[in-house]
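Hello,

Please keep it open beside the text as you read.

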Amino acid sequence: MSWQTYVDDHLMCDIDGQGQHLTAAAIVGHDGSVWAQSASFPQFKSEEINGIMKDFDEPGHLAPTGLHLGGTKYMVIQGEPGAVIRGKKMSWQVYVDEHLMCEIEGNHLTSAAIIGQDGSVWAQSQNFPQLKPEEVAGIVGDFADPGTLAPTGLYIGGTKYMVIQGEPGAVIRGKKGPGGVTVKKTGMALVIGIYDEPMTPGQCNMIVERLGDYLIDQGL
């Protein structure tokens with residue numbers, strides 16, 4: 001039996017007799033060599049295969065940049081580390097624009113971002129302040145050792161927030177006058193929302209933590 005038969009008869013097959021088929025499929029060697037593919041499978045680049053192989057070796061490697069295949073970008077969602085990578089055609093920016101900067105009871109966050117725990121910006125609203133490396137390091141440090149930010153305060157883009165009650169190791173909350181900030185830690189990222197009146201602290205918490213919990217459920 002040829003490799004092409006596996007693609008044609010086993011990957012491009014009808015599923016459940018409902019006339020549903022994959023759009024395209026292929027079997028590719030770890031070195032990027034094509035063993036067999038459907039007629040419509042996109043031509044991928046060597047760096048795309050290299051990225052996939054690196055993510056299998058170092059799970060999470062593709063999360064910040066996305067999974068690219070034939071020039072198309074897929075957001076990495078929950079898979080099986082070292083065994084299965086799954087992607088969905090949606091960008092991190094959509095999560096910021098539609099899930100963090102959304103309206104809640106007529107109010108919106110002032111700004112929001114999803115940041116990698118290494119400080120890399122995955123997506124942010126237009127007016128999100130530029131984080132300094134030491135600010136990200138301080139946030140990550142407080143998640144690892146809760147309470148370390150309390151004496152000095154939480155800094156976001158040079159603005160100081162007084163640390164108030166959060167959830168040790170999971171959520172850091174800060175207050176500055178009538179506004180404040182909520183930071184939710186996921187497996188790979190930091191979800192940050194900044195608010196001011198008339199938005200309430202509870203509304204900010206709900207928006208940020210709801211998205212953070214979803215990303216955790218997705219293995220992100």
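**Pockets in the predicted model**

By class, the residues lining the second largest pocket are nine nonpolar, six polar and three charged. Please bear in mind throughout that this is a predicted model.

To stay with that pocket for a moment, the space in the second largest pocket comes to about 210 Å³. Its lining is made up of 18 residues, and those closest to the centre are Gly-60, Ile-77, Gly-79, Pro-81 and Met-188. Two strands, β4 and β5, each supply at least two residues of this lining, and the largest share comes from β4, which provides five residues.

Turning to the largest pocket, you will find that its volume is about 870 Å³. There are 24 residues in the lining of the largest pocket, and when you look for its centre in the structure, the residues that lie nearest to that point are Ala-26, Phe-41, Ile-52, Leu-67 and Leu-69.

Which elements each supply at least two residues of the lining of the largest pocket? They are β1 (26-28), α2 (46-57), β3 (67-69), β4 (72-80) and β5 (84-88), and α2 gives the most, with four residues. As for the classes, the lining of the largest pocket divides into 18 nonpolar residues, five polar residues and one charged residue.

Best wishes

How values were computed
Residues are numbered from 1 along each chain as its sequence is written. This is a predicted model: local features need pLDDT of at least 70, side-chain atom pairs count only at pLDDT 80 or more; totals for chains, interfaces and linings use all residues. Side-chain values use heavy atoms; hydrogens and water are left out. On a 1 Å grid over the protein atoms alone, a cavity is a set of points where a 1.4 Å probe fits but cannot get out, and a pocket is an open set with protein on both sides within 12 Å along at least five of seven lines; lining residues have an atom within 4 Å of a point. Grid points are joined across faces, edges and corners, and a volume is the space filled by probe spheres set on the points. Ala, Val, Leu, Ile, Met, Phe, Trp, Tyr, Cys and Pro count as nonpolar, Asp, Glu, Lys and Arg as charged, and the others, Gly among them, as polar.
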